[in-house]
Amino acid sequence: MAKMTLERLRKLREEQQIRLRQLETEGKEIQVIIGMGTCGIAAGAKDVLDAFLEASEARNLKNVIFKQTGCMGLCSVEPIVEVKVPGMPHTIYGNVDAETAREIVKEHIVRGRMVNNHIFDRPAGDIVTGK
Amino acid sequence: MAIKNYILVCGGPGCESVKADLIQRALIREVESQGVKDDVQVVNGCFGFCEQGPIVKILPEEFFYAKVNPGDAKEIISESIIKGHAVSRLTYKAENDQGRAKINIEGVSFYQKQFRIVLRNCGLINPESIDEYIVRDGYLALEKVLFELSPDQVIEELKISGLRGRGGAGFPTWLKWELTKKIDDPEKYIVCNADEGDPGAYMDRSSLEGDPHSLIEAMIIAGYTCGAENGAIYIRAEYPLAIRRLELAMDQAREYGFLGRDILGSGFNFDIEVRLGAGAFVCGEETALLQSMEGGRGMPLPKPPYPAARGFLGKPTVINNVETYANIPVILTKGGRWFAGIGTEKSKGTKVFALTGKINNSGLVEVPMGTTLREIVFHIGGGIKGGKKFKAVQTGGPSGGVITEADLDTPIDYDNLLAIGSMMGSGGMIVMDEDDCIVDVTRFYLDFCVEESCGKCAPCRIGTRKLLQILEKITEGRGEMDDIGQMKSICMAMQKASLCGLGQSAANPVLSTLKYFEQEYLDHIKEKKCAARKCKSLVRYEINPEKCIGCTVCARKCPVNAISGEKKKPHKIDQNACVKCGVCYQACKFHAITVA
């Protein structure tokens with residue numbers, strides 16, 4: 001990427017925002033976002049990521065993207081995973097271990113059913129997008 | 001068949017609500033009897049909102065029902081699932097806060113009581129992707145500042161916002177910036193204090209790990225405003241992940257041209273470097289921090305001169321902490337007035353707290369200034385672990401004090417905390433329950449201060465040591481009545497004569513606990529008793545021969561073989577060998593072991 005000018009930056013932001021909105025409306029991509037702050041990693045987030053990758057590979061799932069993020073604030077229930085499946089409400093799972101990760105792939109991603117006993121709420125609304 | 005609605009019900013492992021389970025069963029019954037079994041899934045979830053529980057939430061409509069009863073199940077299914085509208089009788093309505101935590105923002109649901117400005121991107125974006133930051137209005141404030149605002153307008157906006165330093169003392173940020181800006185010097189510096197040292201505090205670490213670009217953006221803005229071309233982040237080496245992500249973010253910012261020469265074609269130059277600290281608490285004090293950054297020993301200097309006039313390398317320097325900086329891009333994109341609409345009269349915006357200790361939902365919380373401790377501990381934090389009794393909260397770490405039950409409803413802001421003998425500090429919040437001994441906790445903080453005192457000035461070096469010795473004496477059962485008066489006079493000398501904030505505030509835990517828990521000190525000194533059984537010298541375990549049946553369990557579990565006795569005959573504890581670990585007390589099924 002070359003150095004930005006003001007125009008380039010504005011264009012990049014706009015394009016990316018349009019792309020994000022499209023992703024949400026077209027709904028082809030499944031996103032699994034794993035909390036990888038120190039609190040998440042200490043609680044075993046790396047093993048969880050491995051389990052997710054293995055399980056989705058074993059089922060040959062092509063449209064799932066795995067992403068990392070920082071601390072969401074619910075440190076006592078780390079590792080935390082947010083799952084965004086098109087057509088389903090975005091879901092935050094806490095206290096996720098390798099077993100739960102496999103369960104999330106099998107139930108939530110493949111069958112469209114939420115996994116019991118691990119659902120948590122996002123701690124606050126989003127001031128940037130107003131959601 | 002695809003599921004159309006998800007019904008989330010309070011509950012799951014660890015949930016104490018019995019009713020939630022009944023509600024879940026009732027909902028499942030109704031789903032079946034009303035014929036929507038294939039369209040609906042009923043699952044457990046936790047909303048951390050036990051206060052208003054049991055909660056039922058319906059997705060995707062986001063209907064949010066509080067204090068639900070099993071009898072409500074029929075109506076919930078027939079109205080919300082079949083007809084698709086909310087049951088207004090059950091819908092949670094935010095209580096009237098009576099101007100305590102004032103928020104004027106529309107369209108955000110507030111049942112969680114949290115409001116995220118500083119942590120706006122944490123847990124949402126990939127911290128290693130600059131594009132994800134840009135999409136969420138990242139570097140928008142920089143755009144605005146470089147091309148639309150003059151430095152004076154930036155300062156004016158900060159003044160309107162009422163932002164005060166989040167590192168502890170709460171100095172107005174705009175004033176700090178203006179003092180540096182006014183000085184005519186071609187060489188100035190922008191420094192970020194990321195030396196987070198309070199035990200139990202980790203807000204800055206999470207902020208850097210989750211959203212490093214917001215700090216970088218704010219520092220560039222500070223540079224533009226104050227006329228500086230160089231910035232430095234002082235961070236402790238024990239935060240390796242934060243350092244890695246910060247350096248990665250800086251590389252990306254350089255590649256995009258947000259750092260370096262002629263930023264966005266504006267003609268303004270700015271760059272940042274990272275300086276690692278070895279993890280000394282005193283280096284959180286700004287003059288000691290600067291010494292350490294220059295390669296010297298981390299020791300404070302007398303003020304004035306303040307860093308605004310003579311800071312890094314003797315040049316005018318702005319020093320703010322991570323959380324203060326993280327607020328700035330939002331203030332400039334949304335406006336100072338928007339920010340000033342949040343919080344109390346003299347403390348604007350939000351504060352991030354690291355909630356730890358004997359609390360159910362430990363973690364990072366960000367609440368508007370003016371939120372009460374009760375809301376933080378019992379609503380957001382979900383109350384005390386194991387249903388124990390709340391005792392106190394230590395805020396401000398080793399520089400702060402305790403907040404007791406009497407002040408649970410005091411709105412938290414800079415001035416109120418000072419008035420009750422504590423302080424905002426960086427935002428560590430350690431919750432204590434009935435099993436914590438106040439004298440022992442105070443001893444812990446003084447132990448910390450003795451380790452961390454740099455030793456430059458006598459009041460701090462000797463005072464902390466003396467206080468620790470007296471506290472040790474008291475916890476070991478050798479306390480005398482004279483000790484309390486002695487501690488008070490040492491504290492006063494330290495507050496008045498110490499060179500820097502470390503020594504001046506190291507006395508706070510002692511004074512604050514003496515104020516609110518004097519009786520507990522007196523019990524230790526006069527009665528030689530520690531009600532929480534934390535001070536081992538004051539605790540004595542004994543076996544009641546009438547209750548002991550000689551099962552030998554305690555003798556086998558004792559790690560130091562202090563318990564002896566024949567099978568089926570009463571056992572005895574050798575008091576000289578006993579280490580007061582309490583294992584026997586927990587192991588005995590016949591309640592034959594007494595503790596006093």
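Trainee: In chain B, what share of the contacts with a separation of 6 or more comes from residues 24 or more positions apart?

Mentor: Residues 24 or more positions apart make up 70% of those contacts in chain B. Two residues are in contact if their C-beta atoms, placed from the backbone, lie within 7 Å. This is a predicted model, in which local features need pLDDT of at least 70 and side-chain atom pairs count only at pLDDT 80 or more, while totals for chains, interfaces and linings use all residues. Residues are numbered from 1 along each chain as its sequence is written, and chains are lettered from A and ligands numbered from 1 in the order in which they are written.

Trainee: How many helices and strands in chain B?

Mentor: Chain B has 22 helices and 17 strands. Both are DSSP runs numbered from the N terminus: helices are H or I with at least four residues, strands are E with at least two. The C-alpha atoms of chain B fill a box of roughly 90 × 75 × 40 Å along the principal axes.

Trainee: What percentage of chain B is buried?

Mentor: Of its 596 residues, 55% count as buried. A residue is buried if 20 or more other C-beta atoms lie within 10 Å of its own, exposed if 12 or fewer, and partly exposed in between, with C-beta atoms placed from the backbone.

Trainee: Which residues have the most contacts inside the largest nonpolar core?

Mentor: Val81(A), Leu27(B), Met219(B), Ile221(B) and Val393(B), in a core of 210 residues. Helix α8 (residues 212-226) of chain B gives the largest share of this core, nine residues. A nonpolar core is a set of buried Ala, Val, Leu, Ile, Met, Phe, Trp, Tyr and Cys residues joined through C-beta atoms within 7 Å. A second, separate core has 13 residues, including Ile543(B) and Cys554(B).

Trainee: Back to Leu27(B): what does it touch?

Mentor: Leaving out residues up to four places away in sequence, Leu27(B) touches Ile7(B), Val9(B), Val42(B), Ala73(B), Ile76(B) and Ile77(B).

Trainee: New topic. How many residues of chain A are in contact with chain B?

Mentor: 39 residues of chain A are in contact with 56 residues of chain B. On the chain A side, α1(A) gives the largest share, seven residues. By class, that side has 18 nonpolar, 16 polar and five charged residues. Ala, Val, Leu, Ile, Met, Phe, Trp, Tyr, Cys and Pro count as nonpolar, Asp, Glu, Lys and Arg as charged, and the others, Gly among them, as polar.

Trainee: What joins β5(A) to β2(B)?

Mentor: Two bridges, and the strands run parallel. Ile119(A) has Gly45(B) as its bridge partner, and Phe120(A) stands opposite Cys46(B). Two strands pair if DSSP finds at least two bridges between them.

Trainee: And what is the strand order in the open sheet of nine strands?

Mentor: The order is β2(A)-β1(A)-β3(A)-β4(A)-β5(A)-β2(B)-β1(B)-β3(B)-β4(B), with mixed pairing. The edge strands, β2 of chain A and β4 (63-65) of chain B, each pair on one side only.

Trainee: What about the open sheet of five strands, which order there?

Mentor: That one is β10-β9-β13-β11-β12 (chain B), again with mixed pairing. β10 (363-368) and β12 (401-404) of chain B are at the edges with a single partner strand each, so one side of each has no neighbour in the sheet.

Trainee: Is β13(B) enclosed or open, and why?

Mentor: Five of its six residues are buried, so β13(B) is largely enclosed by the rest of the structure. Four bridges join it to the parallel strand β9 (residues 350-357) of chain B, with Ala354(B) partnered by Gly428(B). Five bridges join β13(B) to the antiparallel strand β11 (residues 390-395) of chain B, and Phe390(B) stands opposite Asp433(B).

Trainee: Last one: which domains is chain B divided into?

Mentor: Domain 1 (5-83), domain 2 (130-338), domain 3 (350-433), domain 4 (438-527) and domain 5 (540-595). The bounds come from an automatic or database domain assignment. The centres of domain 1 and domain 3 of chain B, taken over C-alpha atoms, are 32 Å apart. Four residues of domain 1 are in contact with six residues of domain 3 of chain B.
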